Amino acid sequence: MYTSLIEKLEHTQVLRWFPNRQVQESWIVEIEQELGFPLPPSYRWWLLNYGVAHLSGTGILTISPPEHREYADTDILYMYRLADEDAKREGKVELFVPDEDEIYYFDIRTADENGEYKVIRLDYLNGEPEVYADSFAAFLERLIDERTPR
């Protein structure tokens, strides 16, 4: 199902993932219970098979072990807890903040028939959110493609 992404992950130099850092299913269930909504299937797949990665030196949000979740700024739940109420009402769940000019987030109001959320890119310089990808898997593929030197 994720053949294209797996191929890119095996050959990319821009996204570094760390073997044996996968997330446990029980951690995902805990997170979903507190969030009150399911994580999208391709993100769950990523967490269970890869778990932790950096793209151009910045971590993509993951799920930390429960004993570290209270202070892990790479944990999706930790960052969601810090989000303001307006962001939560608007369905924003932070996913990747590569620098201070932009942010990528799930829009949980956009679930498709498979349970995937659109990934939105917000450029702070022009303030315009745009649909960046239709799923987490497509988000990773596009980032790898865009940041791979030609």
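Colleague: Where is N20 found?
Modeller: Keep in mind that this is a predicted model. N20 is in the loop between strand 1 and helix 2, which covers 25–35.

Colleague: Is N20 buried or exposed?
Modeller: N20 counts as exposed, because its relative accessibility is 69% and the cut-off for exposed is over 50%.

Colleague: How many bridges join strand 1 to strand 2?
Modeller: Three bridges, with strand 2 being residues 53–55. As an example of a pair, R16 has H54 as its bridge partner in strand 2.

Colleague: What holds paired strands together, in general?
Modeller: Strands of a sheet pair through backbone hydrogen bonds, either parallel or antiparallel.

Colleague: Let's jump to strand 6. Which residues does it cover, and how many of them are buried?
Modeller: Strand 6 covers residues 118–123, and five of its six residues are buried.

Colleague: How does strand 6 pair with strand 5?
Modeller: Strand 5 (residues 102–107) and strand 6 are antiparallel, with six bridges. One spot to look at is Y105, which stands opposite I120 in strand 6.

Colleague: And how many bridges are there between strand 6 and strand 7?
Modeller: Four, again in the antiparallel sense, where strand 7 is residues 129–133. Among the pairs, V119 has A133 as its bridge partner in strand 7. Strands 6 and 7 make a hairpin with five residues between them, and G127 in the turn has a positive phi of about 70°.

Colleague: Switching to the inside. How many residues has the largest nonpolar core?
Modeller: It has 41 residues, and those with the most contacts inside it include W46, F136 and F139. Helix 6 (residues 136–147) gives the most to this core, with six residues.

Colleague: What does F139 touch?
Modeller: Leaving out residues up to four places away in sequence, F139 touches L95, F96, Y104, V119, Y132 and A133.

Colleague: What about the second largest pocket, how much space lies in it?
Modeller: About 190 Å³. It is lined by 14 residues, with R21, V52, T62, S64 and T74 the closest to its centre. Its lining divides into seven nonpolar, six polar and one charged.

Colleague: Last one: where is P41 found?
Modeller: P41 is in helix 3, residues 41–49. P41 is partly exposed, at a relative accessible area of 32%.

Colleague: How far apart are P41 and G115?
Modeller: They are 74 residues apart in sequence but 6.6 Å apart in space, C-alpha to C-alpha. Neighbours within four places aside, P41 is in contact with Y2, N114, G115 and E116.

Note on methods:
Residues numbered from 1 in each chain as written. Predicted model: local features only at pLDDT ≥ 70, side-chain atom pairs only at ≥ 80, totals over all residues. Heavy atoms only, no water. Pairing = 2+ DSSP bridges. Helix = DSSP H or I, 4+ residues; strand = E, 2+ residues; numbered from the N terminus. Buried < 20%, exposed > 50% of the residue type's maximum accessible area, 1.4 Å probe, protein only. Core = buried A, V, L, I, M, F, W, Y, C linked by side-chain atoms within 4.5 Å. Contact = heavy atoms within 4.5 Å. 1 Å grid on protein atoms, 1.4 Å probe; cavity = no way out; pocket = protein on both sides within 12 Å on 5 of 7 lines; lining within 4 Å. Points joined across faces, edges and corners; volume = space filled by probe spheres on them. Nonpolar A, V, L, I, M, F, W, Y, C, P; charged D, E, K, R; others polar.
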